[in-house]
Each structure stands twice: as C-alpha cells, then as structure tokens.
Amino acid sequence: MKTLNDWLAHLETAHSSGLIDMGLARTDEVKQRMQLNPECPVVVVAGTNGKGSVCAFLTQIYKQAGFKVGTLTSPHLLRFNERIAINGEPVDDEAIVASFERIEEARGEISLTYFEFNTLAAVDIFMRENVDVMILEVGLGGRLDAVNVFDADCAVVTSIDLDHQSFLGDTVEQVGFEKAGVFRSGKPAICGQNPPPESLRRHAEAIGAQLLLAGRDFGFSRLEQQQWSFHFHPQAPDFSDGLMRNRNALPVPALRGAYQLGNAACALAVIECLNAELPIDIGAIKRGLLLVSNPGRFQVLPGRPLVILDVGHNPHAARALRQGLMALPFAEKRIAVFSMLADKDMDAVIEIVKDQFDEWYLAPLALPRGQSAQVQAQKLEAHGIGHVHCLKNVVAAYHAALAGASENDRITVFGSFHTVAEVMAAQQQG
C-alpha cells in the first residue's frame, strides 16, 4: 500500500501535461463519478493575495461558533496535510491516502493533476466528516481552477493584480475575468477591491450574481484603543436580504499588517451573507479574530532580533509587506533574507521594497524555477542596491543574517512560499 509520500511523488509526474493543466472537464467527470455534491454551504475564495488570510479568518470564526469546518488551502509550507484541514487541524495521512485511492479507482482512464487530486480529496474527506461548511481556496485564477467544479454558495475575490500571467493574462482586466469565474448566478459575490476590474463587474452582472463591493456594500472603520468596526449595508440592487448590520468594538486581528482588516472585512461579509444557514454571534467573531493563525503572512517571531516571515512573491504582496514594515518600531539595521522564483516579477518587487532594507542575504531555491544567488544579486545591483551577500541556500543565508545581526536589528525573510518554508523547517529542527 502506498504511503502519502509515495502518492505525492507519483502525482508530481503522473499527469501527462505536467503539474498545471487548466480546465474543468476532467475534474468534473471524476467529481460526478464520486458523487461529490456537498449539501452544506460552500465558500470559494479567489484573489491575487489575501486568499489564505480570508480562509483563516472564516475557519477560526466558524470554529469558535461551534461549526465543523473543512478548509482547503494551498500551497503548504511544511506538510502536504496542511492543505486539507478540519477545524484548522491538518487531517492525517491515512485519511488522505484513503481518499486518493477512491479517486484513483473512480478516475479510470482520466488523467488528473496533483492539484486536482488534492481538491477532490479535500471535498471527499469533508463530506465523509460531515462538516457544516466548506471553505475552498482557489489555487490559480478561478474560472478554470479545479475548485470551480464546486458551486459556491458565497464566492470571494479578495484582490486582483498581475501574477501567473502565462495562465491568467497580462492585464488586470483579463485576470479579473478569470477570478470572476467563481461567481454563481443568484449567489453573493464579494469583491475586496473597489473599484473592481470592469471585466469582473460585467461578468457578475451578466450571470446575475449578487456583487458586494468593499467600500460600497461593506467596510470597516478603525477606532481608538486597538478596536475597529465592521459595517454591512448592501447597496447591490439584487441583494434580496436587505440586511444592514454593524459589528462594533471588534479586536484587532491576530494576523499582523494593516491590510488584514480588509481581509477580515471580506470574511465578515461572507458570514453576514450565510448568516441564515450558519448563524454567528459577536463572541465567536471576537474570539475568531483573536485566535486566527496563518503562518508565513507577515508572521512576527518571538525574541530578538525581530524576525518576520512573509510569503509575498508578487508586486501586490510587496506593497503590503512594505506597508507592514513601515508600521513597525525603529530597527537599527534592516536585513532581508530573500529568494524568488525566476518566473516572478522580481524587478517590480525589489523596486517596491528596496528602501526598507540596508543589507541583503540571497540564496537559490532548489527548484526547476529557482535562480542562482548571483543572478538575483545582479538584479539588486541594477536597482542600485549594495551590501549584498550570496549564500549556498536559504538556511545558510538565514543563519548568516542572524550571526550578523544585533538584538536591535530586524530580519525579514520573504520572496516565496519556498523561502519561508525552508526557514520554518530549519527552526523546527532546532
């Protein structure tokens, strides 16, 4: 019998078209064969950045309200099991292997990618666990992502910016259309960006989705004494509920960064939209905001020097990272531990954050899409950046940064999920 590691190694090479193969027909056919038709509410979360945080807020708030929550996220940082969680806890190897075997039996001659197996396994496990709500994070885009074979009772698009251009297009309007593909007729469609791309707005209108825009239909206000309030006041003409509600004196979320209030507001808009089926009290919301966890998203580690882990890997995320760093207390020396994949817009990211660092430690990522520390150093030099050190791997770069830092300095590890994951794994090993 295959172990989970055996299965994952197999899935990385099994599909004839590689790891990414956009389209729904194959996944939908296997879904039908397995009769994966959820009866509980399904929330689908898409967006360039912020997806994982919105999923984390929803998971913790629904859990605090006493509901059983199934959450699909990607990618993972340390273990594949992180992708499929019940009440925020990764499911065990045995559950995933059993589900993979059911998928293998059902698929017959149909070839499925790694992510398609992952998506079908999550919903299969959630149905067997009789969860009360499923929260499914889109892997790439929306319209052609495997998650989109499941109809959302409420869909979210957190933000729209350029990333994965080879799959989603090289304009924001093209990306907006791809992400709007998760919307459904007659169902709430929440957008955390206002104004949204016209393509997203037009698609919502064309299919009769109930488009709810940040700043128009819901929003937040910062209050004094570390509190904020959420307002839900749908202006959308097709929103039949007519509900208006304020949630006042909310605690600042445990997730760091000012931008997290926008993500929290998107999550609370979902909660209002599904309140008839999944009623939530204010206590569950407050507990959820305080207990939420999403490792690697502007995560501040305890101790000194101050160390921040951030998986940001595109210009939109870089702007959020810069905003978060600027809000932190003064640091004598600001150090970057950095590595990015070759297919990302490294030049734009560097230009956005370069004023936040005095010294850079670079390393390659041992992946086909990785690039050498020397190539990355050349890019930094082209942006007028000096004080650059090249190391053999990310862990060596991190240890060198620690060795060269005083307790009043600050180290930020960023550039990719893989960069952060390597540092996290090294910390766990002591």
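Tutor: Contact means heavy atoms within 4.5 Å. By that criterion Thr-158 touches residues including Val-45, Ala-46, Asn-49, Lys-51 and Gln-193, not counting residues up to four places away in sequence. This is a predicted model: local features need pLDDT of at least 70, side-chain atom pairs count only at pLDDT 80 or more, and totals for chains, interfaces and linings use all residues. Residues are numbered from 1 along each chain as its sequence is written, and side-chain values use heavy atoms, with hydrogens and water left out.

Student: Why is Thr-158 called buried?
Tutor: Buried means under 20% relative accessible area (exposed is over 50%, partly exposed in between; 1.4 Å probe, protein chains only). Thr-158 has a relative accessible area of 5%, so the residue is buried.

Student: What makes β1 and β6 a pair?
Tutor: Two strands pair if DSSP finds at least two bridges between them. Strand β1 (residues 42-46) and β6 run parallel and are joined by 4 bridges, with Ala-46 opposite Val-157. On β7 (residues 188-191), β6 has a parallel partner over 3 bridges, and there Val-157 stands opposite Cys-191.

Student: How do you know that the span of helix α3 agrees with expectation?
Tutor: The expected span is 1.5 Å times one less than the number of residues. For the 14 residues of α3 (residues 51-64) this should be 20 Å, and the end C-alpha atoms are 20 Å apart, which agrees.

Student: Why is α3 described as largely enclosed?
Tutor: Of its 14 residues, 12 are buried, so α3 is largely enclosed by the rest of the structure.

Conventions
Helices (H or I, at least four residues) and strands (E, at least two) are DSSP runs, numbered from the N terminus.
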